[in-house]
Amino acid sequence: MLNEIQTGNSAASVAIIGTGYVGLVSGACLADFGNNVTCVDIDNNKIKLLQDGRIPIYEPGLADIVARNTAAKRLQFTDSLQKALQGCEVIFIAVDTPPLEDGSADLSRVENVAREIGRLIVSYRVIVNKSTAPIGTVKNIKGWINEEISKRTEQGETTVKGICFDVVSNPEFLREGRAVQDFTHPDRIVIGADNEKSRAIIKEIYRPLYLNETPFIETNPESAEMIKYASNAFLAVKISYINEIANLCEKTGADINDVARAMGRDGRIGPKFLHPGPGYGGSCFPKDTRAIASIGRSCNARLSIVESAISANEAQKKIQVQKIEAAFGGRENLQNKTAAILGLSFKSNTSDIRESPAMEICHCLAERGMKLRVFDPAAMEEAELQFSGQKDLFYFAANEYDAANGSDALVILTEWNQFRNLDLKKIKTLLREPYFFDLRNIYSREQAEAFGLRYYCTGRP
Ligand code: NAD
């Protein structure tokens with residue numbers, strides 16, 4: 001079968017270990033490319049949902065692809081790694097790599113999976129690491145698998161002696177909220193392999209993209225691992241940079257919208273990631289910046305720019321809270337006031353609230369005695385779980401207007417499209433006091449003030 005894969009004559013059988021944002025999207029899209037895919041996860045509630053045809057995350061377009069490929073029997077779900085590995089040629093690792101206390105990536109899940117693979121494989125396999133992990137992880141995965149194979153040999157399993165396998169780094173660049181589009185139309189595919197055989201097998205899995213002339217960047221494993229961290233850290237730096245310029249605009253009378261628009265027209269800078277706001281969040285930028293900074297420190301090659309972006313991002317969330325305090329005439333005046341919070345996810349089009357600036361700002365406002373009427377189009381369930389200890393301070397609103405009803409301020413924290421066209425006349429009538437904090441700059445001062453709202457934004461006079 002592997003020979004057939006190499007010559008393009010057969011669909012590959014693929015196992016994806018970890019069925020979260022990356023694993024589920026990759027699994028569904030690889031099945032859509034014609035591969036036979038089994039997604040496996042230790043969270044059997046997640047697997048049961050998927051087996052019942054339900055999608056555990058909010059991700060536009062994903063449900064259709066999952067349904068189509070499940071019906072075509074190219075995509076299945078199991079909580080048994082042993083079952084998933086049966087007959088599969090290529091094994092993707094897509095488990096989470098959360099930050100440890102010191103900022104470095106926790107590789108325990110990757111190690112567990114690698115050791116499990118070492119205990120189960122019976123013939124040549126290509127193991128592909130998609131989890132974001134430090135430089136050297138491919139080598140570590142090889143070591144963990146080899147240790148388990150040696151143990152089996154020592155225990156008398158004669159057939160395993162000399163089993164070959166390759167480990168490849170294939171970092172993932174999808175963005176939540178646009179994950180399907182990103183996976184099927186990527187800017188580039190990075191394959192970090194140390195031999196031609198494994199590289200050719202991975203290229204075959206992505207064949208539809210290869211034929212569409214997606215750039216394939218072939219590197220050694222270490223470069224592939226570095227590309228992922230360096231890319232995420234660069235984007236985080238760009239966001240922190242524009243946020244700091246926005247803060248300076250507020251003090252100087254410049255308008256960040258004009259400044260960013262003109263900067264973005266410079267081909268060397270580009271218009272993306274130049275939108276100021278309450279800071280970056282999510283499950284990637286915060287953890288990946290901390291991880292690469294930690295790698296830099298441990299290699300004695302300090303990444304001072306990334307470290308500054310991390311501090312600037314922490315400060316950015318606090319600055320938003322201070323802005324609200326200042327508008328009300330001081331921190332003490334927030335006590336017993338109510339804020340309508342629009343948006344809890346870390347960005348629009350996702351239910352992901354991991355390290356969301358909106359969640360952190362909510363916690364800070366609640367600490368100051370504010371009551372919060374919160375609304376998010378997709379993240380209400382996740383937020384209810386996280387705020388469960390403070391039910392008296394939080395009201396989970398049915399929609400934007402229910403949140404505004406009787407509040408002293410409207411605070412837009414996430415730029416969901418449906419918040420861009422609010423009935424400001426109605427909002428003004430519903431609010432007890434007319435404070436409007438548009439922290440994502442999706443309205444203009446003129447629009448808001450025309451309805452008698454007291455408008456605060458980011459980086460504009
Ligand atoms: P996630 O938390 O959504 O999913 C990880 C899944 O792995 C969970 O369902 C978990 O139960 C499962 N898992 C953990 N240990 C397991 C094991 N031993 N066997 C089987 N399943 C196991 O994480 P995610 O957001 O999909 O991220 C996965 C990796 O991809 C991370 O390293 C992340 O940095 C990277 N990444 C994420 C994104 C993103 O936008 N979320 C983008 C690019 C890269």
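I first note what I mean by a polar contact, which is a pair of N or O atoms within 3.5 Å; within protein, one must be able to donate a hydrogen and the other to accept it, and residues adjacent in sequence count only if both atoms are side-chain atoms. The model is a predicted one, in which local features need pLDDT of at least 70 and side-chain atom pairs count only at pLDDT 80 or more, while totals for chains, interfaces and linings use all residues. Residues are numbered from 1 along each chain as its sequence is written, and side-chain values use heavy atoms, with hydrogens and water left out.

**Entry 1**

For Val22, a polar backbone atom is 2.8 Å from an oxygen atom of the ligand, and for Ile42 a backbone N or O atom lies 3.4 Å from a nitrogen atom of the ligand. Taken alone, the ligand exposes 830 Å², of which the protein buries 90%; such accessible areas come from the Shrake-Rupley method with a 1.4 Å probe, and for residues only the protein chains shown count as cover.

Which residues come nearest to the ligand? There are 26 residues around the ligand, and the nearest are Asp41, Lys46, Thr97, Glu176 and Lys287; a residue counts as near if one of its heavy atoms lies within 4 Å. I sorted this shell by class and got 9 nonpolar, 7 polar and 10 charged residues, where Ala, Val, Leu, Ile, Met, Phe, Trp, Tyr, Cys and Pro count as nonpolar, Asp, Glu, Lys and Arg as charged, and the others, Gly among them, as polar.

Why does the ligand lie between the two domains? Domain 1 (2–219) and domain 2 (227–461) both give residues to the shell around the ligand, so the ligand lies between them; the domain bounds come from an automatic or database domain assignment.

**Entry 2: the ends of a helix**

Helices here are DSSP runs (H or I, at least four residues), numbered from the N terminus. I checked helix H3 (residues 44–51) and saw that Asp43 caps its N-terminal end, with a side-chain oxygen 3.1 Å from the backbone nitrogen of Asn45. After H3 comes Gly53, whose phi is positive, near 85 degrees.

On a 1 Å grid over the protein atoms alone, a cavity is a set of points where a 1.4 Å probe fits but cannot get out, and a pocket is an open set with protein on both sides within 12 Å along at least five of seven lines; lining residues have an atom within 4 Å of a point. Grid points are joined across faces, edges and corners, and a volume is the space filled by probe spheres set on the points.

My search of the whole structure gave 2 cavities of 30 Å³ or more. The largest cavity has a volume of about 50 Å³, and its lining includes Asn129, Thr132 and Lys228. Helix H11 (residues 221–252) gives the largest share of that lining, 3 residues.

The second largest cavity has a volume of about 40 Å³, and helix H13 (285–298) and helix H14 (304–327) each supply at least two residues of its lining.

I ended with the second largest pocket, which holds about 390 Å³ of space and is lined by 14 residues, among them Pro56 and Ser351.
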